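This briefing goes through a protein model strand by strand and contact by contact. Please keep the sequence and the structure in view while reading.

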Amino acid sequence: IAFTRIYRLFHDWQNRSLDSFRNRLRNFLNYQYKNTRYTLKRYPPTNNRSLIPWSAAEEHILEHIPERNFIAPKIAIANDRFGYLSVLLNEHSPQVIIDTKSQEKAILANFALNKRDLPEERRTFSDESLTDSISLGVMSIPKSVALFHYYLNGLHQNLTQDGVIFAGFMTRHFTPQWLEIASLYFEEVKQSKAWKKSRVLILEKPIVLEEQSFWKQWELAISPEKNIPVWQHAGVFSGTGIDMGTRFLLENINLSDSENDILDLGCGNGIIAKYLHSTYPDRKYHLMDDSRLALKAARKNFDDSNIQFHWQDTLSDFSDESLDVIASNPPFHFGYETNIEVTTALFEQSQKRLRQNGRLIIVANRHLNYKTHLQRLFPKVRNIAENDAFEVIECLKS
């Protein structure tokens with residue numbers, strides 16, 4: 001009996017060690033392209049074994065490029081989340097369009113991992129225009145139709161008349177709206193055959209168009225007597241107005257006299273800070289988002305010098321115990337992935353950045369069960385309000 005117990009203990013320890021080793025390797029995967037072996041990883045890391053740092057749609061794009069017999073193509077790459085396309089096409093010195101801070105970190109990490117460099121002059125941010133003309137545009141189609149439209153417009157503006165755009169997608173995500181939008185820009189819009197459950201849109205013969213605007217304005221009703229005008233940029237959550245979750249949060253949030261340093265975490269167009277600022281204009285507000293386009297919209301919604309903007313995917317810009325209130329409608333969709341690992345990591349960072357008696361206030365879909373994670377971090381976690389779909393959760397650091 002004693003021997004059996006010892007054997008089981010050793011076997012359990014061995015399995016835990018193997019799991020730990022697998023976890024470390026899970027985000028580092030090898031890939032061979034043109035007789036060269038590359039190592040790629042995800043950032044942020046994940047414990048989900050099914051998530052890898054590229055998609056079959058991105059592989060499919062690479063299958064089409066040799067067919068065209070490009071001679072020294074000038075390439076621009078959009079929506080390359082982890083750098084798979086940028087690293088593998090690096091021999092062509094592509095311009096890489098970057099929107100999120102996490103995307104920038106992932107791409108630079110994978111360039112370094114493969115002993116390559118992406119100099120600053122080849123990085124174009126999503127709120128900027130391409131600097132050079134291109135003969136080939138490459139894109140992994142984003143989930144947001146509006147963002148697809150925005151990226152396509154940017155590539156189209158710099159595409160030569162005989163250029164082509166390859167836009168890859170998984171067949172299960174297809175929407176006819178992509179074809180409608182692409183037809184505004186190109187005379188020829190074709191789809192490839194399916195390969196590994198993916199397809200590629202092949203767009204040729206660009207149409208000359210007038211400059212497009214990707215700004216909209218709508219009004220947030222504060223009271224029957226007061227509305228706040230809000231600017232919105234294409235591809236920034238939420239597209240046409242305030243979403244139900246954020247509205248529910250705003251209906252149930254207030255500040256005390258002692259709460260002066262406020263962070264709108266994952267700010268989007270800054271609607272939470274905008275609302276609080278309309279009632280408490282004398283406080284210091286920080287707006288943070290992973291997306292540059294989101295911060296571009298947030299900046300347009302404020303003209304107060306007491307506002308600070310942070311393009312970040314972590315709370316590294318803030319020192320410990322420096323904030324009084326962190327308010328958020330935290331994301332749990334990242335592209336087509338449903339993943340709360342990033343959100344729970346932000347909860348942990350929030351706990352450290354809050355002062356004593358500071359508060360984290362979030363709105364969340366009830367099915368996400370965030371309270372289970374929050375109760376491990378905060379001594380006091382309670383629902384301020386709830387309805388059939390959402391709950392507003394207050395976490396007090398005491």
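In this predicted model, strand β7 (residues 159–170) is mostly covered, with nine of its 12 residues buried. β7 pairs in the parallel sense with strand β6 (residues 134–140) and runs antiparallel to strand β9 (residues 198–206).

**Strand β7 and its surroundings**

- Six bridges hold the pairing of β6 with β7; one of the bridge partners is Ala167 in β7, which faces Met139.
- On the β9 side, seven bridges join the two strands, and Ile165 has Leu203 of β9 as its bridge partner.
- Strands of a sheet pair through backbone hydrogen bonds, in either the parallel or the antiparallel sense.
- β6, α5 and β7 together make a β-α-β unit, and this unit is right-handed.
- Helix α5 covers residues 145–158 and contains His149.
- His149 has a relative accessible area of 19%; because buried means under 20%, His149 counts as buried.
- Leaving aside residues up to four places away in sequence, His149 touches Ile181, Tyr185 and Phe214.

**Helix α4**

- Helix α4 (residues 101–113) has 13 residues, which at 1.5 Å a residue should span 18 Å.
- The end C-alpha atoms of α4 are 18 Å apart, in agreement with that expectation.
- The buried residues of α4 are Lys101, Ser102, Gln103, Glu104, Ala106, Ile107, Asn110 and Phe111.
- An α-helix has 3.6 residues a turn, so residues three or four places apart point the same way.
- Among the elements that cover the buried residues of α4 are β2, α3, β4, β5 (123–125) and β14.

**The seven-stranded sheet**

- Seven strands form an open sheet with mixed pairing, in the order β14-β13-β12-β15-β18-β20-β19.
- β14 (307–311) and β19 (380–386) stand at the edges; each has a single partner strand, so one side of each is left without a neighbour in the sheet.
- From one strand to the next, the twist averages 20°.
- Strand β12 (residues 261–265) and strand β13 (residues 284–289) run parallel and are joined by five bridges.
- Within that pairing, Ile262 has Tyr285 of β13 as its bridge partner.
- Helix α10 (residues 341–353) packs on the sheet, where α10 touches β12, β15 (323–328) and β18 (354–365).
- The direction of α10 makes about 155° with that of β18.

**Salt bridges**

- How many salt bridges does the structure hold? The count is 18.
- One of them pairs Lys34 with Glu91, with the closest N and O atoms 3.4 Å apart.
- This pair links distant parts of the chain, 57 residues apart: Lys34 sits in the loop between β1 (28–33) and β2 (36–41), and Glu91 in the loop between α3 (84–88) and β4 (95–98).
- Lys34 is partly exposed, at a relative accessible area of 49%, while Glu91 is exposed at 56% relative accessibility.
- The side chains of Asp282 and Arg283 also meet in a salt bridge, at 3.3 Å from N to O.
- Arg366 lies in the loop between β18 and α11 (370–374) and Glu386 in strand β19, so the pair ties together parts that are 20 residues apart in sequence.
- Arg366 is partly exposed at 37% relative accessibility, and Glu386 is partly exposed at 45%.

Note on methods: Residues numbered from 1 in each chain as written. Predicted model: local features only at pLDDT ≥ 70, side-chain atom pairs only at ≥ 80, totals over all residues. Heavy atoms only, no water. Pairing = 2+ DSSP bridges. Helix = DSSP H or I, 4+ residues; strand = E, 2+ residues; numbered from the N terminus. Axes fitted to C-alpha atoms, helices over the stretch in contact; angles between N-to-C directions. Contact = heavy atoms within 4.5 Å. Salt bridge = Lys/Arg side-chain N within 4 Å of Asp/Glu carboxyl O. Buried < 20%, exposed > 50% of the residue type's maximum accessible area, 1.4 Å probe, protein only. Expected span 1.5 Å × (residues − 1). Right-handed = clockwise from strand over helix to strand, strands pointing away.
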